[in-house]
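Subject: Handing over the structure

Dear colleague,

I am passing on the structure below, and I would be glad if you could read it alongside the notes that follow. Please keep the view open while you read, as the notes go from one part to the next.

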Amino acid sequence: MLQCDHYILPDRYNQIVEGHLRETGFYHVFQIGIVQCQLALINALIERWCPKTHTFHLPVGECAVTLEDVAIILGLPTNGLPVTRPKLSSYEVLEPECLDQFGVAPRKIECRGSFIKLAWFRALKDRIVLADNIQIQRYVKCHIMLLFGTVIFGDKSGVGVH
């Protein structure tokens, strides 16, 4: 088992929405929980990483991490059509999208281009009252955005999601 000196606890969710979260296919991502690591193992992998070929150079040969590997690790389905959208690169484009998806938009100071602070999503998720299906869907979307910003596509800052 890998262990780490520090870690960030994953965002919790209300048990009422578990079925909805399972329907989206992101339930298993949340189950990853805390990624624990051993510093020596991580350092060894970093030393063997070749950024030019995006592979690990091991004594037995090269090893590449494929999309299939990531899908299996995260438990995400890879069948069907890809989900893509144009990049939202300005607040003026981001604001109506947030209004449509969450019923409210972040203030301009809570955004930077297509980047929204995770604190905004956490505060919104805490304020949502799970009274009807629309509110439950917004809650689940907030939770998925938090998964994107922390577990799936977390960056070094750990404060936002694109």
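Is Phe102 buried or exposed? With a relative accessible area of 9%, Phe102 is buried, since the cut-off for that word is under 20%. Please keep in mind that this is a predicted model, and that what follows describes that model.

To begin with the whole, the protein has seven helices and six strands, and along the sequence they follow the pattern α-α-α-β-β-β-α-α-β-β-α-α-β. Of its 162 residues, 28% count as buried, while the exposed surface comes to about 11300 Å², with carbon and sulfur atoms supplying 59% of that area. If you take the contacts between residues at least 6 apart in sequence, 55% of them join residues that are at least 24 apart.

By the rule used here, four aromatic pairs are counted in the protein. In one of them, the ring centres of Trp49 and Phe56 are 4.8 Å apart and the ring planes stand at 65 degrees, so this pair is edge-to-face; the reasoning needs the cut-off that planes over 60 degrees apart count as edge-to-face. The two partners can be compared with the burial cut-offs: Phe56, with a relative accessible area of 17%, is buried, whereas Trp49, with 33%, is partly exposed. A second pair is made by Phe102 and Trp120, whose ring centres are 6.1 Å apart and whose planes stand at 85 degrees, so that this pair is edge-to-face as well. Because Phe102 lies in helix H5 (residues 91-102) and Trp120 in helix H6, the pair ties together parts that are 18 residues apart in sequence. Trp120 counts as buried, at 7% relative accessibility, and together with Phe102 and Phe121 it forms one aromatic cluster.

Which strands does helix H6 lie across? This helix, which covers residues 118-127, lies across E5 and E6, and it runs at about 55 degrees to E5. These strands belong to an open sheet of three strands, in the order E4-E5-E6, with antiparallel pairing. Its edge strands are E4 (111-112) and E6 (160-161), each of which pairs on one side only. Strand E5 (residues 115-117) runs antiparallel to E4 and is joined to it by two bridges, and in this pairing Cys111 stands opposite Ile116 in E5. As a reminder, the strands of a sheet pair through backbone hydrogen bonds, and they may do so in a parallel or an antiparallel way.

Strand E1 (residues 49-50) and E2 run antiparallel and are joined by two bridges, with Thr55 in E2 as the bridge partner of Cys50. Their hairpin has four residues between the strands, and in it His54 takes a positive phi near 55 degrees. Strand E2 (residues 55-58) then pairs with strand E3 (residues 61-64), again in the antiparallel sense, over four bridges. Thr55 stands opposite Ala64 in E3, and Leu58 stands opposite Gly61 in E3. How many residues join E2 to E3 in their hairpin? The hairpin passes from E2 to E3 through two residues.

Finally, please look at Asn14, which is found in the segment before helix H1 (18-24) and which counts as partly exposed, at 30% relative accessibility. Which residues does Asn14 touch, if those up to four places away in sequence are not counted? The answer is Leu130 and Tyr139. Asn14 and Val140, for their part, are 126 residues apart in sequence, and yet their C-alpha atoms are 9.4 Å apart in space.

Definitions and conventions:
Residues are numbered from 1 along each chain as its sequence is written. This is a predicted model: local features need pLDDT of at least 70, side-chain atom pairs count only at pLDDT 80 or more; totals for chains, interfaces and linings use all residues. Side-chain values use heavy atoms; hydrogens and water are left out. Buried means under 20% relative accessible area, exposed over 50%, partly exposed in between (1.4 Å probe, protein chains only). Contact means heavy atoms within 4.5 Å. Accessible areas come from the Shrake-Rupley method with a 1.4 Å probe; for residues, only the protein chains shown count as cover. Two strands pair if DSSP finds at least two bridges between them. Axes are lines fitted to C-alpha atoms, for helices over the stretch in contact, and angles run from 0 to 180 degrees between N-to-C directions. Rings of Phe, Tyr and Trp (its six-membered ring) pair if their centres lie within 6.5 Å; planes under 30 degrees apart count as stacked, over 60 as edge-to-face and the rest as tilted.
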